[in-house]
Amino acid sequence: MLFNNKYRWLIIALISIYSFLNIMFTVGEKIFDFNAPPIFLFFILTFQVIFIWEGNRTLFNKIEKNYGSTLKTLLFYYSISIILVVAISFIAVLITAGILEGAKTGFWNNLRLDLAFVFRVNLFLHTVNAIVIYAQKATTMKEEKNKLEKEILEVQYDALRNQLNPHFLFNNLNALSSLISISPDRAEKFVEKLSLIFRYLLQHNSNNLVTIKEEIDFIKNYLDLYKERYGIALTYEINIDQEFENQLIVPSVTQLICENIFKYNSFTKQNPIHIRINIDKENNYLDIWNSRNPKAVTKTDSSGVGFKNIVKRYENFSDKKIESLNNDSTFSVRLPIIPTDSSNELLNNRG
């Protein structure tokens, strides 16, 4: 709101100086029907600008508190302010008539001229005030919209991640029950990796970002469980340079991508699938590549909501886009690496 601006006294001074110079040096501009001394003229102009501003500020604060700042309120506020500026002008002309000899005659003509001045100042201030209010409202609405979109995305992302977990757990418990009777040692390792996966999901469930090392340790355990279930039908390799281990990435995003790989491809001993995860040093991306053997999926299964949520979630942390490269035999997703020295506020608070 303009009238509560912390620089209001500076603005008042500038308006007073501008009005004084305009009246002194512009032909046809005057507030009295006589030649007032410059010092007195500046004093009476400043007096009126101060009381117009401060009177409007007091009025607006009371009106806004009770009625808000809608268009109707602003129009009502302006209507009341007219009474205020008439009173201010009347007092100013009375003061002038009491001090200056030349002002004692032609009171009503002086009042008419002065009213023209105070009306212009008041209209100007109310116009700027309305512009400021609606500009602030537009900014607030945009911020609230962005906040809401982010919250919706968070909910969608968490729902997606939580939706995968029961399905993943069910399949692996079935695999575990088979391993217990075949190889207790393999079953013990299987349980250990499964517990590490769910510990990671619980620990980082509310985190915005994790280090690449944390995410890679997680996805290794995740892929090992699939490797235990499918054997030579699945192969994978992970090559991450140590210098990139402390860079940042969105948590569980690699799991969602790998889950899509298993969802949209068939793989057998005769026709295995291969997954490769490595760093593109030159462009600062984490690449997740896989061989393709597409299987038929329903329209509902191929809606792509999961991948869209991954893309949108990344937009909160990086100006770079997630890239996907697709051909007949291979598919890859390229995730922007988020440097730890970024100035983005979201990076300074990973949880």
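This is a predicted model: local features need pLDDT of at least 70, side-chain atom pairs count only at pLDDT 80 or more; totals for chains, interfaces and linings use all residues.
By the same cut-off, 41% of the 351 residues of the chain count as buried. The secondary structure of the chain comprises 9 helices and 7 strands, and among the contacts with a separation of 6 or more, 75% are accounted for by residues 24 or more positions apart.

Two packed helices are described by the angle between their axes and the distance between the axes. For helix α5, which spans residues 184-203, and helix α6, which spans residues 212-230, the axes come within 9 Å and cross at roughly 140 degrees. Helix α5 is therefore oblique to helix α6, given that an angle has to be over 145 degrees to count as roughly antiparallel. The crossing of α5 and α6 is left-handed. On the α5 side, the contact is made by R186, F190, K193, L194, L196, I197, Y200 and L201, which meet E214, E215, F218, N221, Y222, D224, L225 and E228 of α6. Sorted by class, the contact of α5 with α6 contains 9 nonpolar, 1 polar and 6 charged residues.

A pair of aromatic rings is described by the distance of the centres and the angle of the planes, and a search of the whole structure returns 11 aromatic pairs. In the pair formed by Y200 and F218, the ring centres are 4.3 Å apart and the planes stand at 10 degrees, so that the pair is classed as stacked, the cut-off for this class being an angle under 30 degrees. Because Y200 belongs to helix α5 and F218 to helix α6, the pair ties together parts that are 18 residues apart in sequence. Y200, with a relative accessibility of 7%, counts as buried, and F218 is likewise buried, with a relative accessible area of 2%.

F218 forms a further aromatic pair with Y222, with a distance of 6.3 Å centre to centre and an angle of 35 degrees between the planes, and this pair is tilted. Both F218 and Y222 lie in helix α6, where they are 4 residues apart, about one turn of the helix. Beyond these two pairs, ring pairs link Y200, F218 and Y222 with Y226, Y230, F262 and F267 into a cluster.

Notes:
Residues are numbered from 1 along each chain as its sequence is written. Side-chain values use heavy atoms; hydrogens and water are left out. Axes are lines fitted to C-alpha atoms, for helices over the stretch in contact, and angles run from 0 to 180 degrees between N-to-C directions. Helices (H or I, at least four residues) and strands (E, at least two) are DSSP runs, numbered from the N terminus. Angles under 35 degrees count as roughly parallel, over 145 as roughly antiparallel, 65 to 115 as roughly perpendicular and the rest as oblique. A crossing is left-handed if the near helix is turned anticlockwise from the far one by less than a right angle, and right-handed if clockwise. Contact means heavy atoms within 4.5 Å. Ala, Val, Leu, Ile, Met, Phe, Trp, Tyr, Cys and Pro count as nonpolar, Asp, Glu, Lys and Arg as charged, and the others, Gly among them, as polar. Rings of Phe, Tyr and Trp (its six-membered ring) pair if their centres lie within 6.5 Å; planes under 30 degrees apart count as stacked, over 60 as edge-to-face and the rest as tilted. Buried means under 20% relative accessible area, exposed over 50%, partly exposed in between (1.4 Å probe, protein chains only).
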